[in-house]
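Q: Please take a close look at one part of this structure. Start with the whole chain and then zoom in.

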Amino acid sequence: MKQNSSIKTISLAQNKIGDTGAIAFAEALKINCTVQYIFLGKNFISLKVAMIIGEALKQNRTVKKMCLKQNLNAIGDESCNAIAKALEENNVVREINLKGNRINANGVRRFSNVLKMNLIIQKINLETNRLGWEGVIAI
């Protein structure tokens, strides 16, 4: 991915890539200028790696769609903060799928603030999280 300039979609979903694989992916994402769609769902990556992916998004200017669904042990409110911070600086990502994670009202509030500033984002999937009524109100 670091040297390939023709790949536009990468799906590593359900591959048990773990932290080592996800970190390598995030590092490549920082310098890749062609990948537009990434799918890392169901890999059980850690909170640390979710935050590293957020940092990579700050530098990447080509990813339009990102799927981090069902990474149950990693994607919660802290990860939301890192991803939301990245989306404040990234004006390319249009869609993010965070379905089936551990996001509650606090994480959603952070995304709500980003949506006020970032008008490029068109879709955020937060199905099957822990939003509760406070999360719904925040959106």
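A: A contact means heavy atoms within 4.5 Å. Now take the contacts in the protein chain with a separation of 6 or more: residues 24 or more positions apart account for 87% of them. This is a predicted model, where local features need pLDDT of at least 70, side-chain atom pairs count only at pLDDT 80 or more, and totals for chains, interfaces and linings use all residues. Residues are numbered from 1 along each chain as its sequence is written, and side-chain values use heavy atoms, with hydrogens and water left out.

First, the whole. The protein chain has 5 helices and 5 strands (DSSP runs numbered from the N terminus: helices are H or I, at least four residues; strands are E, at least two). Along the sequence they follow the pattern β-α-β-α-β-α-β-α-β-α. The C-alpha trace spans about 45 × 30 × 20 Å along its principal axes. Of the 139 residues, 47% count as buried (under 20% relative accessible area, with a 1.4 Å probe and protein chains only).

Now zoom in on helix H2, residues 47–59. Its partner here is helix H1, residues 18–31. The two pack at an angle of about 10°, and their axes are 8 Å apart. (Axes are lines fitted to C-alpha atoms, for helices over the stretch in contact; angles run from 0 to 180 degrees between N-to-C directions.) H1 and H2 are therefore roughly parallel to each other (the term covers angles under 35 degrees).

Who touches whom? H1 brings Asp19, Ala22, Ile23, Ala26, Leu29 and Lys30. H2 brings Val49, Ile52, Ile53, Ala56, Leu57 and Gln59. These residues divide into 9 nonpolar, 1 polar and 2 charged. (Ala, Val, Leu, Ile, Met, Phe, Trp, Tyr, Cys and Pro count as nonpolar, Asp, Glu, Lys and Arg as charged, and the others, Gly among them, as polar.)

Stay on H2 and find Ala50, which lies in this helix. Is Ala50 buried or exposed? Ala50 counts as buried, because its relative accessibility is 1%. Leave aside its neighbours within four places in sequence. Ala50 is then in contact with Ile45, Ala74, Ile75, Ser79 and Ile83. Take Ile83: it sits 33 residues from Ala50 along the chain, yet their C-alpha atoms are separated by 7.9 Å.

Conventions: Parallel < 35°, antiparallel > 145°, perpendicular 65-115°, else oblique. Buried < 20%, exposed > 50% of the residue type's maximum accessible area, 1.4 Å probe, protein only.
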